[in-house]
Amino acid sequence: MSDYIEMAQGKLGRVIVVRLRPGADVLLSLEEACREHNITNGVILSAIGSLQSPQFCDVVEMPIKAGYGYGEVLHLTGPIELTAGSGIICHDDQGNTNLHVHMSLSDRYGNAHGGHLVEGTKVLLTVDVVIAEIGGLVMGRKFDEELEVPLFAPKQA
């Protein structure tokens, strides 16, 4: 296997569908749904809906070994369309669930925005999400000493 690839093989299992109601914090609600259904290895297959003033961050240059990391939180105002959301559901060595979710957004003028979802993004009318559990592997997340950032660390179960 290449020095540039970490991989594991598993199978899709249960599928959980979630509707988030107005005012729900998107990230915290998805974490709650995963905890309630004991999903620590999974994937967000689809997320669509509408948001109130979403908050997200994007990759920027940083003075760390990797040279890059997530920058300051960005805010959009007004009603925003969540045109697509996806992500991974993983966990740290202590078993704490960790979601890494990205979203594509559109404002009222059709301008595109997007990035890494952070706490504080609230549902406007609805956010509809499809989550799939993955079995037979470990969707880990750990601090990468070489790059000095926490990263996805898949391995075979």
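What radius of gyration would a compact globule with 157 residues have, and what value does the protein have? In this predicted model, the protein has a radius of gyration of 16 Å, which agrees with the value near 15 Å that would apply to a compact globule with 157 residues. Along its principal axes, the C-alpha trace spans about 45 × 40 × 25 Å.

The secondary structure comprises one helix and twelve strands, and the order of these elements from the N terminus is β-α-β-β-β-β-β-β-β-β-β-β-β. Among contacts with a separation of 6 or more, 68% are accounted for by residues 24 or more positions apart. Of the 157 residues, 39% are buried, and the accessible surface comes to about 9200 Å², with 53% of that area belonging to carbon and sulfur atoms.

A polar atom of the His91 side chain lies 3.0 Å from the backbone oxygen of Thr40. When residues up to four places away in sequence are not counted, His91 touches Thr40 and Asn41, as well as Asn96, Thr97 and Asn98, and also Val138, Met139, Gly140 and Arg141.

Asp107 is found in the loop between β8 (97–106) and β9 (112–117), and with a relative accessibility of 18% this loop residue also counts as buried. The side chain of Asp107 reaches the backbone nitrogen of Tyr109 at 2.9 Å, while the residues that Asp107 touches, not counting those up to four places away in sequence, are Ile80 and His113. Between Asp107 and Ser53, which are 54 residues apart in sequence, the C-alpha to C-alpha distance is 10 Å.

Leu147 lies in the loop between β11 (137–144) and β12 (149–156). Its relative accessibility of 32% means that Leu147 counts as partly exposed, since that class holds the values between the 20% limit for buried residues and the 50% limit for exposed ones. Leu147 and His102 are 45 residues apart in sequence, and their C-alpha atoms are 21 Å apart in space.

Terms used:
Residues numbered from 1 in each chain as written. Predicted model: local features only at pLDDT ≥ 70, side-chain atom pairs only at ≥ 80, totals over all residues. Heavy atoms only, no water. Helix = DSSP H or I, 4+ residues; strand = E, 2+ residues; numbered from the N terminus. Rg over C-alpha atoms; globule rule 2.2 N^0.38 Å. Buried < 20%, exposed > 50% of the residue type's maximum accessible area, 1.4 Å probe, protein only. Contact = heavy atoms within 4.5 Å. Areas by Shrake-Rupley, 256 points an atom, 1.4 Å probe, with all protein chains shown as cover. Polar contact = N/O pair within 3.5 Å; in protein donor to acceptor, adjacent residues only side chain to side chain.
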